[in-house]
Every structure is written in structure tokens, then in C-alpha cells.
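Hi,

Here is the structure I promised to pass on. Have a look, and my notes follow below.

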Amino acid sequence: MSTAAHGIASLRDKVSPDEWAVRVDLAACYRLVARYGWEDLVFTHITARVPGVEDQFLINPYGMFFDEITASSLVKIDLQGNKVEDSPFPVNPAGFVIHSAIHAARHDARCVLHTHTLNGVAVSTQRAGLLSLGYHDFEGPALHDDEKPRLVADLGDKTALILRNHGLLTVGETVAEAFVAMYYLETSCAIQVRAQAGGGELIPVPKEIIDTAYTQLMAAARPRGSRGMLVWPGLLRRLERVDSSYRD
């Protein structure tokens, strides 16, 4: 559904070219999350820092489904989740608690992506979880600011975090990097759940092999974000073939 269908005028000529580019990428990310089946109705978020401004962010208009979101419908907010500019749509400030904590502590985390997928939540309930990842214990709905320091400490300098009994979270210097990190994290969870469902004895991979493979993978991925940029243009082409209204 286009922005015009929601009565929202295009912001393309009202924001900087850099902000517009981030808006388009973020809207595309929301559409892709919907296409890959990672959305939870309207109750998760993907946020991106506004270029050139340290304390302003773009977030989904609360109540709009992810496959309806456009570049112009994204809402600009501050670190407290308050709207910076007028928008006909509300924002869910409670849902921004997790994102604001990470954005404030990690300036390289220009995009933060959080999901409640079936596979991700299933693995988040398992004591062992996935190896070589960070974990944050469940403290109830993320509504309170006093949880932020613990969340930030658990993420550290990693790009992925499993929120126990809650879901998955990835960060990136770009929207593309955060999306691709989530793709691999979600895929890992799906593989683990399916392998466990088979009922047979699983073959554990020695920790030293995992550590070596992770180091090699990170070295091959430098400069940071290269994996994201390798596949992001193709993902956008895939969207364009179906519906290009995310660019509105």
C-alpha cells in the first residue's frame, strides 16, 4: 500500500538526501522482514539513526503492518521515544526501550533489528542456546529504563544478541548489515530447532572449531558490512519486482 493511500505526503524533498537514503533502506528492511515471515503483527521494531544527528532515529508508525511501511511514513523520534516531527501515526515508546539503550551506548549500531520469530523464541528458551553468542535474561516486558545497562553489557561489542524467552536482536552500521545478521541468526535458530525435532542424537561441533570458524568468517567479512552490501542490492531488486511502493 502506498504512502498516498495512507494520506501521507512524500518527504523526499523535505529531508536531506542522506536521510532519504536511510529511510528507503529502512522501509525496505521492514518489507523484507514481512516477506521472510519474521514480523509479529505490529509489535516489534527496526530503528535507524538519522544521518548527521546523534539523538534522532527512525521507527515504524505504530499500527501499520510491516508490508505497508514506506520511506515517508517512518516516524522520527528522540532517545526518549518522543516524536521530533509531526506524524499522523503514534509511536510505541515502550518498544523503543531496547533500541534506545543500544543506540545510546553503541554509536556504530546505526540500525537495531528486533524480532519475535517462532524459531528465535524457541531457541531463546533453551538453556544452551546457540554457541558464541551473547544472551540477555528475560526481565519481563522491556518497559523500564533500569534494564538498559544490563542489556548493553550483555550485547557488548557483538552484532547479535538472544533475549532469553523473548526473541532475537541484531545491530549493524547499516540497515543492510543488521538485516543480513538477522538472516543468519534466524536461519541458525531454524536449523537447530529442526535438527532437535528429528529426535536423533546430534553431532556437537567442538568449541575450538566454532571459535576458529567465527574468526575466519569475521576476517573474510571485513570491511564491516561487506556481506550485507553483497546481497542488499539483490534483496532490493526482489522487492522492486513485487512492490516498489516502499520507496514512496
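How many nonpolar, polar and charged residues are in the lining of the second largest pocket? By class there are 10 nonpolar, 3 polar and 5 charged ones (nonpolar is Ala, Val, Leu, Ile, Met, Phe, Trp, Tyr, Cys and Pro; charged is Asp, Glu, Lys and Arg; the others, Gly among them, are polar).

Before you dig in: this is a predicted model, where local features need pLDDT of at least 70 and side-chain atom pairs count only at pLDDT 80 or more, while totals for chains, interfaces and linings use all residues. Numbering runs from 1 along each chain as its sequence is written, and side-chain values use heavy atoms, leaving out hydrogens and water.

Back to that pocket (on a 1 Å grid over the protein atoms alone, an open set of points where a 1.4 Å probe fits, with protein on both sides within 12 Å along at least five of seven lines; lining residues have an atom within 4 Å of a point). Its volume, the space filled by probe spheres set on the points, is about 250 Å³. Of the 18 lining residues, V22, R49, R110, E173 and T174 lie nearest the centre. α1 (17–35) gives the largest share, 3 residues, and β1 (46–49), α5 (175–197) and α7 (226–242) each supply at least two (helices are DSSP runs of H or I, at least four residues; strands are E, at least two).

Most residues other than glycine have a negative phi. L41, in the loop between α1 and β1, has a positive phi near 50°. N165, between β6 (160–163) and β7 (167–172), has one of about 55°. N165 counts as partly exposed because its relative accessibility is 45% (the class runs between buried, under 20%, and exposed, over 50%, with a 1.4 Å probe and protein chains only).

Cheers
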